[in-house]
Amino acid sequence: MEALMNGIHLHYVQAGKGAPLLLVHGYPLDHTLWQPQVDGLADANVARVIAPDLRGFGQSDAPEGVYTMETHADDLRALLDVLQVERVVVCGLSMGGYIALAFWRKYADRVRGLILVDTRAGADAPAARQARLDMVEQVRQHGSAPAADAMLSRLLASSTHQSRPALVESVHAMMLRQPLVGIIGAQLGMAERPDSTALLSTITVPTLVVFGAEDIITPAETEGRSLADAIPGAKLVIIPNAGHLSNLEQPEVFNAAVREFLLARDV
Ligand code: MLT
């Protein structure tokens with residue numbers, strides 16, 4: 001499916017009935033990151049799952065420019081308007097989590113609940129910001145393959161690398177097929193994202209925080225715990241044998257946590 005909004009075409013998939021659940025992918029990925037959730041949560045009317053490709057990724061348009069988290073939030077708000085969805089549970093992984101927090105900052109009245117997955121509230125430290133700018137230069141000169149190769153080893157748990165070569169290959173392929181303009185726009189946008197730490201105490205909707213126990217990009221014991229501690233009433237679930245892409249590496253455990261959250265919290 002495709003929606004025309006904010007001057008671009010946004011591709012999305014939609015399945016199931018129930019509480020609307022907006023799945024926001026990370027970087028440099030696309031909506032297929034959420035295939036196990038589209039398959040596993042749209043059944044039994046647990047949720048109406050909406051999984052877009054963010055601008056610059058997947059089959060959505062990739063305009064030149066800096067994709068701030070607010071720009072993505074505006075795109076998602078416009079998509080909800082097109083779909084006539086008033087309020088959603090926003091589930092975002094990593095960059096998707098940064099966007100979920102930007103969405104809360106701008107459009108809290110459209111949020112029924114939040115699911116923050118392998119992400120963080122803080123802005124980049126100066127060295128991390130510089131690393132993004134260096135990566136943009138590298139991508140401009142050499143394309144995305146070296147960056148994708150370097151990132152692959154850090155995205156998944158060691159057990160995933162050892163025992164699930166097909167999954168590792170599909171994540172690698174997902175990264176390699178993303179447009180260069182999108183990769184650059186997202187890196188520049190993430191580099192200038194604000195610190196959202198002070199926002200966390202303003203969250204008044206039910207919130208689930210999910211982390212892979214082996215996530216080395218956003219470690220569960222530090223980033224996960226501090227996120228959950230700072231959000232009133234938030235529940236933290238740490239999933240064993242999963243890295244940064246916990247929804248993809250352990251979909252059954254992940255889906256069970258989300259299903260329980262959606263049903264028990266009545267969001
Ligand atoms: C992601 O998975 O979305 C990225 O690790 C986010 C980032 O680069 O900060």
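Colleague: How many salt bridges does the structure hold?

Modeller: There are 13 salt bridges in the structure. Keep in mind that the model is predicted.

Colleague: Why is the pair R177 and D30 called a salt bridge?

Modeller: The term needs a side-chain nitrogen of Lys or Arg within 4 Å of a carboxyl oxygen of Asp or Glu. The side chains of R177 and D30 meet at 3.1 Å, N to O. That is within the 4 Å limit, so the pair counts.

Colleague: What makes this pair a tie between parts that are apart in sequence?

Modeller: R177 lies in the loop between helix 7 (165-176) and helix 8 (180-191). D30 lies in the loop between strand 3 (19-24) and helix 1 (35-41). The parts are 147 residues apart in sequence, so the pair ties them together.

Colleague: Now the ligand. Which residues surround the ligand?

Modeller: G26, Y27, S94, M95, Y98, R132, M151, M190, I217 and H244. This shell divides into six nonpolar residues, three polar and one charged.

Colleague: How much of the ligand's accessible area does the protein cover?

Modeller: The protein covers 93% of the 270 Å² that the ligand has on its own.

Colleague: Where does the ligand sit?

Modeller: In the largest pocket.

How values were computed: Residues are numbered from 1 along each chain as its sequence is written. This is a predicted model: local features need pLDDT of at least 70, side-chain atom pairs count only at pLDDT 80 or more; totals for chains, interfaces and linings use all residues. Side-chain values use heavy atoms; hydrogens and water are left out. A residue is near a molecule or strand if one of its heavy atoms lies within 4 Å of it. Accessible areas come from the Shrake-Rupley method with a 1.4 Å probe; for residues, only the protein chains shown count as cover. On a 1 Å grid over the protein atoms alone, a cavity is a set of points where a 1.4 Å probe fits but cannot get out, and a pocket is an open set with protein on both sides within 12 Å along at least five of seven lines; lining residues have an atom within 4 Å of a point. A molecule sits in a cavity or pocket if more than half of its atoms lie within 2 Å of its grid points. Ala, Val, Leu, Ile, Met, Phe, Trp, Tyr, Cys and Pro count as nonpolar, Asp, Glu, Lys and Arg as charged, and the others, Gly among them, as polar. Helices (H or I, at least four residues) and strands (E, at least two) are DSSP runs, numbered from the N terminus.
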